Each structure stands twice: as structure tokens, then as C-alpha cells.
Amino acid sequence: MKNLRSAYRFRFLLLLILFVLLALGSFWLLQVMHKNTEDLLPKAARTEPDYFVEHFNYVQMSPSGLPRYNISGDLLTHNPEDDSFDVQKPIIHSLDKEKPPMNLRANRGKIEDNNSKVHLYGDVIADRPKTPLADNFHLKSEYLLLLPDDDVMQSDKPVELTLGQSILHGTGMDFNNSTRVLKMFSRVHGVFPPKPR
């Protein structure tokens, strides 16, 4: 009888240990599967800005080491999702001595594609003073795309241009500051004073 009780206790203890090991093994297997699933799932893209700089001044250098242009503003915010920058109150000055100087400002801007595209929004003003080779240039618009590497400005919005004494209005524009070639695309009208004789 005593041996029978010991045999039942031994079997019960053996079954208890087996169930505990089975439960621990199941828990471990569940953790391994869950961890592997998390590793395989794509990470959620970060959409919040990761850093900002107040009252910044950035200078872009040419391959020869000379300054080409600088961008300054009240606030620069980096967006990691597309590696772009948002700028409040951007001001851009061209510094290339081989090209006519150009100054631009706006309410806000967006810099993208490794600084090769600068979108300017709201009360955009571009000024180039008169030089021996070119008349003064003044532009007003609500939007302007600046391609600083090519020294080109484009807009698909209404623009008002002053070239010397001439005033042009139109919608859509492409202006190359290096070659001084201007193209306007639609609803173009202007005032051209007579040339002095």
C-alpha cells in the first residue's frame, strides 16, 4: 500500500514537472515567434521633425571652395521622412562673383533634393540690382522654385516683374540668372517705355 502511494506520488510529480516544462516551453516558443515577427515587420516611418535650428545661416560652397550662396532664416526644421527642410522667413543671397547677384526672401520655404530645390511660398520677392551687364530685376509672386545649382527661378503662379523700366505681368515664368533669359507662359502683358534716341 505504501509502495502504491509512493508510485502515485512519483507519477503525479512526474506529470506536474512535465506540464511545467511544457508550459515554460510554450511560453519561450511564443516569445521567440513574437520577437521574430517584430523584427520582420517594417518599422514605422518617423514623421515628426528630428531637429531644428533657430536663426540659422547656411553657406553653400562651390567645388572650387568659393561661396556660391547662403540661406538664412528664423527657423530651420529637418523632416527625416523625406530629408527635407522647412524654413520660416528664408532669405537667400547669391555669392558667386561670376554671376549677377540675386537676393530672395519669402514667408516660408522648403529645401529638398540635397539642397538642389528651394520652394519659396508667400510674399516672394527677388531682387537683382543693376550691373554693367544687366538691368535691375525685381520679382513678386506667391510661389517660386529656385534651382540654385543652375541659377534658375521658376513659377507656375502669377508673377510681376520689373526689368529696368519695363513692367511685366503673367502666369508662369522661367528665368535663368546666368544667361539672363526670361520666359513667361500665359496671360502676359506689360509696359515697355520707349528707348532713348
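Predicted model: local features only at pLDDT ≥ 70, side-chain atom pairs only at ≥ 80, totals over all residues.
**View 1. The largest cavity and its lining.** One cavity of 30 Å³ or more is counted in the model. Its lining is made up of 15 residues, and R68, Y69, S94, P148 and D151 are the ones that lie nearest the centre. Strands β2 (67-79), β4 (91-94) and β9 (152-163) each give two or more residues to this lining.

**View 2. L76 and its neighbours.** Follow strand β2 to find L76. With a relative accessible area of 11%, L76 falls under the 20% limit and is therefore buried. Looking beyond residues up to four places away in sequence, L76 touches Y51, F52, V53 and F56, and also F85, D86 and V87. P90 sits 14 residues from L76 along the chain, and the C-alpha atoms of the two are separated by 8.9 Å.

**View 3. The largest nonpolar core, with a closer look at M153.** This core holds 26 residues, and those touching the most other members are L104, L120, F137, L144, M153 and M173. At least two core residues come from each of β2, β3 (84-88), β7 (117-128), β8 (137-147), β9 and β10 (166-176). Nonpolar side chains tend to be buried together in soluble globular proteins. Leaving aside residues up to four places away in sequence, M153 is in contact with M102, L104, A126 and F137, with L144, L145 and L146, and with M173, D174 and F175.

Note on methods
Residues numbered from 1 in each chain as written. Heavy atoms only, no water. 1 Å grid on protein atoms, 1.4 Å probe; cavity = no way out; pocket = protein on both sides within 12 Å on 5 of 7 lines; lining within 4 Å. Points joined across faces, edges and corners; volume = space filled by probe spheres on them. Helix = DSSP H or I, 4+ residues; strand = E, 2+ residues; numbered from the N terminus. Buried < 20%, exposed > 50% of the residue type's maximum accessible area, 1.4 Å probe, protein only. Contact = heavy atoms within 4.5 Å. Core = buried A, V, L, I, M, F, W, Y, C linked by side-chain atoms within 4.5 Å.
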